[in-house]
Amino acid sequence: MSLLSKIGQFSGWHTVAPPLVFIAMLLVVGTFNSNYLGPLGVSIATASAAPILLVALGQSMVLNIGSIDLSNAAISLFGAIMLAMTLPQYGIGSLVLVLVLLTILGAINGAFLAFTHVPSFALTLGTLGILQTAALVVSGSETIYVSENRELVTILYRSKVLSIPLTFWLGVGVAVTYWALLRLTVIGQHMTAVGKNESGAILSALPTKFVKIFAFALSGFTGGLAGLSIVAQAGSASASGLGSALLLPGIAAALVGGTSISGGLTNPINVVFGALTVAFVPIAIQAIGFSAQSQSLVYGVFIIAVVTLTTTLTRGLVIK
Amino acid sequence: MKNDNPIVLKLTNICRFFGSVKAVNGISMEIRRGEVIGLTGENGAGKSTLLKILAGIERPDSGTMEINGKRANFRSPNDALKAGVGVVHQEQSLFTNLSVAENIEQQNQMQTGMSRLGFQDWKRINEDASEVLKKIGVKLDPKARVGELSFVDRQMVEIARAVCVEPGGDGTPLIILDEPTAVLEQAEVEVMEREIRKLKEFASVIFVSHRLDEVLRICDRVLVMRSGMLTRDTSTQGITKEELFRAMVDDTPTLNTHKRSPVRPGSVPAVELRNLTMEGRFKDVSFSAYPGKITALVGTNGSGRGALMRAIFGAEKFTSGSIHLDGKLVTKWSIGKAVASGLAYVPAERKVEGMIGGFSGTRNITLVHRGDSAWGQILRPRRMAKTAQSWFDRLDVNPNNIRQPLNQFSGGNQQKVVLAKWLNSPSLKVLMLDHPLRGLDVGVSQTVNAELRKACENGTAVILIPDTIEEALEMADEILVLRDGEISARHDLSASNDLAIKEIVAEMV
């Protein structure tokens, strides 16, 4: 067996690859310009990684059941705007309100998927459009500044542990929770079963409709937390400002984190590394010295290379 | 028996090792033109590897192969095709989005080329396909899309494709049929036999099967493999099934048929159907399945048995009629309710519906009935493992590794795990199995059947769609014959043991 095929046969690859890729990237950045790895650099990188991570975690749970949620970034932006608008009046209560609202929005996505035959791609594309419009209408196409009670949320951004803001640690906490959910609970096992083989799951009397609703509800909930991290960082929310372009980085982070797009293979802890890697790419590009114009190209090439590395080659003959 | 026909295939000491595993260990044999050779042996005996060598998918490590007198050194399946070897595999390899003719033409293209200036010659493709189909006696529209055909019809297309090989010159084609009857019903098996007899006129056939009755009936000679070697190579005249068994396994298994007692009057059926109807599939089906009894549903493909079983399980909706469990009418039936009421269903399509391939044996077994494997929502890995291990030991699953993903096991062992999943129920009232022994070797089949009998002793009602009528006669207390969706006959085996298979086939068609 050639070295390449031996590498392909190593079945633990998809578990180990995401952290390895991230470390490799850190080494590359460090070699070119070690300033980027200092406390300030780490702080900036993880701050930008935080909303990506939260969106990616929600997405990875949906990917786990074999679906995709194209609307989760829009949900989180909508949530950020709602939060920014209601925070002055209701304080912490508004956070609870927004989280509940977004979880319900996610559950509605899931319910549509469970009870109609519309594929998740098409369904969430529609929801995406609806929520983007809603965000514009509710915000009046303006930036909403949090006039009062701002400290309640910005503290998450300004408090740091190991130079890393709490918004990122929040993401790590969610990742660990979701990991435990998938490995150690019945509902988690059911979600993975649906992703691996939905027909088999149905005929084993698993509550597949509930599983779908639950996965999308989780996506909505984490989207709400992503919205929180956006408001924490910017002190405001805008339909075109910070956090308005989270969809693709979120998906990329999930994939770089070893999540299978066909379902049944998700490791939320690796998604943390995926998000860090994705957040670091622009930094690495700068450190290496590529021009700003080539950023998209390098980003694209890089994502393809990384996903190829982290997608296990032993998963089977069919990769979507 | 004509012994002076030219030799089509000659193998001398063929070996293929995978590391320390001697999959094929010194096989030597000869096949002459017009011979039908049966190849049998347990799963893992080396049959598939030998077939792969003949088909050009694998290359032997040592030994020589001669086809039609010429040394053969296949480097790819294409080489095998050109030499005149056509294989019909057990797992279908058709292109489901193309038509029947296109699939048949696939094979031909490598031989004669069906295109003029690069364009497809549709008229000729369809005509040639019709000819081949006629030759093998199959009524199919060459323009039909393969994906819309039933499993059986697709099997026929596979055979048509394999028959298209032309070795050129006066070489004889060698057609290899890998378990062709595994998914065929009785009437279709007879069609298959007719075809093989037709094939004898211009080709030689290797017929791989677990069904010893068929092998003895259809083949001129039979070869038995065990652990990579040939243990018998003999004419089928005068040899018995028991002798074949002995050549296949190390110990002589017993074919037992248990004594049947009639149902006690006044006992409540575990499940009773009254005039159950599903539009387009079955009509007015009424019967009762009693605890501790096995009911077999026999019929041809399309007779509605599979749909009937799924309706009882709640997987498909029925149009009218009623289902009664333990005497009580069920309403708004669903799979969840069925399973909670003690029903179980082992589907025919094991890989797609019966199991979660990517999950370990442990997770598969504890998937439906958790028992003490979980505290509410929290899984208890050690209890799960204990449960799984005890089932693996009881059913002798090989390899005995409860953590290995189930898709890495052989079909027979997968089936054992699927069965364990349902036997793991605290109260199993009705166990339904659709073609449970399909593709399984003798040893595994006996383990499965023994478990079914044990379940009966524990009071479970078993409803079974068997692969063969012999299976039904061996296992069932009652046989129901379905034809075109309706029950055409009932046989209570506690009353009479003299049932002719031909009689049942007549009730099926």
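Let me start with helices α4 (residues 72-90) and α5 (residues 92-115) of chain A, whose axes, as lines fitted to C-alpha atoms over the stretch in contact, come within 8 Å and cross at roughly 155°, where angles run from 0 to 180 degrees between N-to-C directions. Helices here are DSSP runs of H or I with at least four residues, strands are runs of E with at least two, and both are numbered from the N terminus. This is a predicted model, in which local features need pLDDT of at least 70 and side-chain atom pairs count only at pLDDT 80 or more, while totals for chains, interfaces and linings use all residues. Residues are numbered from 1 along each chain as its sequence is written, and chains are lettered from A and ligands numbered from 1 in the order in which they are written.

The crossing angle makes α4(A) roughly antiparallel to α5(A), a label for angles over 145 degrees. Among the residues that meet are M82(A) and L83(A) in α4(A), and L101(A) and L102(A) in α5(A), contact being C-beta atoms, placed from the backbone, within 7 Å.

Turning to chain B, four strands form an open antiparallel sheet in the order β2-β1-β4-β5, with pairing requiring at least two DSSP bridges between two strands. Because β2 (21-32) and β5 (70-71) of chain B stand at the edges with a single partner strand each, one side of each is left without a neighbour in the sheet. Helix α1 (residues 47-54) of chain B packs on this sheet, touching β1 and β2 of chain B, and its direction makes about 60° with that of β2(B).

Terms used
Contact = placed C-beta atoms within 7 Å. Parallel < 35°, antiparallel > 145°, perpendicular 65-115°, else oblique.
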